[in-house]
Amino acid sequence: MAEPLLQIDNVGKRFGGFVALDGINLTVAPGERVGLIGPNGSGKSTLVNCICGTLRNETGTVRFDGRQIDGMPAHKRTILGLARSFQLPRPFHSLSVSENLHIPLLYAVKSRSGSHLTPAELEAHCVEYLRLVGLDHKARKRPRDLTQVEMRKLELARAMAAEPKLLIADESMAGLSHSEIEDILKLLRQLSERGITIILIEHIMSAVMSFSQRLAVLVSGKKIADGKPDDVVRNPEVEKAYLG
Amino acid sequence: MRSAWFILICVAVAALTFLGLRVVHNDYLFIAGYTVLQFIVLATAWNILGGYCGYVNFGSAAFFALGAYTSVFFHKAYPLPIPALLVLSAVVSGLAGLGMGYLTLRLRGAFFSIATLALAVVLQTLVVNWDYVGGSRGAYVIRANTVELFGFAMPYVQYLFLLMLTLVVLAIVTARTIERSRLGFGFATIRDDELAAEASGVPTLRLKLIATTLSGALMGMAGAPFPYYIGYLQPSSAFGLEYAVNSIAMPMIGGTGSWIGPLVGALLLGIIQQVATVTISSAVNLLIVGVLLVVFVIIAPNGLVGFVTQYFRAKER
Amino acid sequence: MNFPVELLVNAIIAGILLGGFYVAVTVGISIAFGMLDIVNIAHPAFIILGSYLAYIINSSFGIDPVVVGILMLPVFYALGAAVYQVYYLSFEKRGQEALRGLAFFFGILFITEVGLILVFGVDYRYAEAAYIGPALRFAFVDLPYRMLIPCVISLLMLVGLQLYLSRTFIGRAIMAVSQDQGALALMAANPIRIKRIAFGISIATAALAGAFLVIIQPVEPSVGREYIGRVFAICVLGGLGSLPGTVIGAMLLGIAESITATFYGPSWAPAVSFGFLLLTLAFRPSGLLGR
């Protein structure tokens with residue numbers, strides 16, 4: 001079997017006396033589509049933060065693309081090819097929508113490849129990503145002029161613009177209509193076909209089930225299931241803890 | 001506007017100002033004007049870290065004084081022409097900015113700000129106890145009456161004015177160049193949302209260190225000619241209250257979003273203060289600046305420039 | 001060589017007394033910055049204001065400064081509540097406290113200092129009381145009353161505050177708001193009102209601290225600025241928001257400053273707090289008692 005793209009071994013994180021993550025193990029192969037589910041407060045976002053470097057895990061190791069990345073600042077991990085969208089959108093408010101996408105292109109992608117894009121090329125790339133999420137008509141607007149749903153799409157587009165190897169989509173679909181969810185799923189499948197590995201964190205079971213090749217379940221900081229979606233869903237522990 | 005054109009226009013405006021004042025032939029204008037120009041540099045420098053990155057420096061006086069005392073040190077140890085002192089002061093103050101940034105910028109912005117406040121106090125303590133540069137007694141810096149530049153003779157104060165004018169052009173061009181560059185975008189993301197910036201690949205610590213070093217260096221350069229301007233340097237004047245409050249008030253009142261704000265704020269407040277100092281008293285004029293700062297920060301968060309642009313944007317609709 | 005043991009012991013004792021006073025000075029910031037996340041760098045300005053008020057009333061009416069401080073508690077509480085209201089409406093609500101909130105407090109610090117210079121000038125002012133001068137003596141150890149009394153009352157004030165925060169409903173609400181504002185709101189307590197009360201208490205402590213200050217040393221308007229470094233150094237050293245931590249931090253700083261002043265001269269004292277602050281920030285930003 002090929003070298004896993006992401007390998008999480010025994011990762012743990014505490015906040016004071018509260019154990020947010022307890023010995024989490026997870027392996028993600030290149031090109032896989034992994035779903036991560038669990039009740040609120042189970043540690044999903046904490047895990048994402050530890051993977052991406054926003055938080056430091058206290059125990060265990062995180063390996064990405066063959067390298068150990070514990071202790072590496074978040075921006076280096078993004079340069080290596082790890083990108084994430086935030087659960088609560090965090091756009092750059094003083095920049096326009098399209099300029100928000102300039103940033104990962106100017107920093108993550110440029111640092112990685114050293115390429116120099118002309119302003120025209122830069123803008124063209126950004127518009128392409130915006131078109132993929134259906135925001136190209138709002139390119140010149142400010143984030144405060146966007147609806148909640150549009151801000152989520154911008155979040156996702158910004159993560160995509162970092163041209164990652166692994167994209168972690170943290171609850172990007174909350175509050176979207178059925179057709180909008182389908183649009184995002186279609187987009188994620190397109191990215192997957194291009195070879196991008198995706199971890200989808202969601203509460204919307206239908207989306208997670210149709211998208212994931214593999215499903216992991218987090219409850220109270222522990223991983224209680226990890227396998228084929230159909231098997232996991234029928235696991236009695238999972239039913240009790242989450243699907244109930 | 002292309003950068004080359006902008007530089008040319010800046011230099012042209014500066015040259016016209018200088019020649020215009022020479023025609024008017026009033027030495028007081030040069031003396032007062034020097035102070036206003038000094039504030040433009042300080043305000044612009046402050047804004048690079050404060051307005052662009054969102055990190056508040058309360059210790060502008062420290063960097064300014066470091067520049068001034070670097071001059072005094074070399075004046076005693078090994079006299080050098082002022083342009084050389086400008087470079088040396090830039091290096092010393094820049095390194096101070098870098099050092100302090102390295103110690104505090106990995107933490108929250110609030111800690112950085114508190115550290116800058118304390119830095120000014122400590123640096124003043126060190127200088128007061130350092131007899132070589134005069135300690136609390138102060139240091140005299142004797143300078144010539146006239147200077148010859150490219151064949152023209154001019155009074156010393158006009159020479160200093162010209163130097164400060166050069167620094168103003170340098171500061172403004174630097175600020176504007178940053179604004180339009182990849183670096184400037186990076187700074188904006190640090191101000192808007194540092195966490196999201198890191199996640200997007202922006203090396204926030206490195207950029208913040210660049211901002212503190214640059215800001216500190218410019219402030220140090222503004223301080224380098226000061227001992228020559230004032231003739232007698234005491235710690236209380238180098239570390240004076242007016243530097244701390246003005247470097248913050250001028251950009252915040254003028255507008256922190258671009259290089260125009262500090263320029264507007266410095267010109268406005270600088271001229272008002274020069275007038276007030278002569279007509280009322282220097283303590284009252286500082287009080288006015290303090291009150292204006294609080295009022296503007298509460299009611300006009302985007303400063304005068306922001307106010308004006310909002311007005312025009314509203315009219316457009 | 002005859003190691004000056006007596007000098008050292010006196011320096012340490014003096015440092016402890018000083019530390020007690022520093023507790024009064026810092027506890028307001030432990031609440032405002034440690035618990036409410038409000039970077040009130042103008043706190044020393046309120047203290048100096050308290051000092052000058054104590055001085056005026058003391059020199060006009062002969063009332064003991066500490067009594068003045070206690071009488072001023074409700075006045076300063078109201079002042080603190082009013083300041084918080086402005087701060088909340090102008091900055092916290094708009095999410096701009098980072099840059100503009102700081103500038104706001106800096107403006108207040110500045111206006112207070114310059115205002116005091118205009119009204120009182122830069123001469124040193126000091127209070128008169130029966131206990132300023134005489135000292136308690138144990139063997140070779142000197143315990144000046146003017147240091148001892150503020151130290152003792154200060155520690156009592158801290159104990160009182162700690163009890164208040166842990167035993168009363170509002171006190172516990174204040175501790176809660178520092179940890180999770182959302183949860184507090186869900187419990188039907190208004191977080192804004194709680195924070196206003198807490199900030200009012202924070203400024204009220206400045207009234208007493210100011211009274212202590214003018215007893216311990218002569219004051220002039222720029223004295224406030226020296227205290228900014230000290231206050232935050234103690235706060236960070238002790239672990240933000242921890243009242244017991246404030247005591248430990250205050251004692252350590254007091255002793256360090258006292259020893260420095262005794263053996264190297266008082267003009268180096270302001271540098272000590274900064275050194276503490278930088279070292280703590282560089283190596284252990286969560287403080288000695290922090291997580």
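Predicted model: local features only at pLDDT ≥ 70, side-chain atom pairs only at ≥ 80, totals over all residues.
Trainee: What makes chain B and chain C partners in contact?

Mentor: Contact calls for heavy atoms within 4.5 Å, and 39 residues of chain B meet that condition with 40 residues of chain C. The two chains bury about 3,700 Å² between them, with 82% of that area on carbon and sulfur atoms. Of the area that chain B buries against chain C, 16% is supplied by B:F111, B:I114 and B:L241, more than by any other three residues.

Trainee: Which helices of chain B supply at least two residues each to the side that touches chain C?

Mentor: They are α2 (27-52), α4 (82-104), α5 (109-128), α12 (241-254) and α14 (282-299) of chain B. The largest share, 12 residues, comes from α5(B). By class, this side of chain B has 30 nonpolar, 8 polar and 1 charged residues.

Trainee: Why is the pair A:K13 and A:E58 called a salt bridge?

Mentor: The rule asks for a side-chain nitrogen of Lys or Arg within 4 Å of a carboxyl oxygen of Asp or Glu. The N to O distance between the side chains of A:K13 and A:E58 is 3.5 Å, so the pair qualifies. A:K13 lies in strand β1 (residues 6-15) of chain A and A:E58 in the loop between α1 (44-52) and β4 (59-64), so that this pair links distant parts of the chain, 45 residues apart. Over all chains, the structure holds 15 salt bridges.

Trainee: What makes the space lined by A:F86, B:S200 and other residues a cavity?

Mentor: The largest has about 70 Å³ of space, and among its lining residues are A:R84, A:E155, A:R158 and B:A196. At least two lining residues come from each of β6 (82-85) and α5 (148-161) of chain A and α8 (194-199) of chain B. The lining divides into 6 nonpolar, 2 polar and 3 charged residues.

Methods: Residues numbered from 1 in each chain as written. Chains lettered and ligands numbered in written order. Heavy atoms only, no water. 1 Å grid on protein atoms, 1.4 Å probe; cavity = no way out; pocket = protein on both sides within 12 Å on 5 of 7 lines; lining within 4 Å. Points joined across faces, edges and corners; volume = space filled by probe spheres on them. Helix = DSSP H or I, 4+ residues; strand = E, 2+ residues; numbered from the N terminus. Nonpolar A, V, L, I, M, F, W, Y, C, P; charged D, E, K, R; others polar. Buried area = accessible area lost by both parts, 1.4 Å probe.
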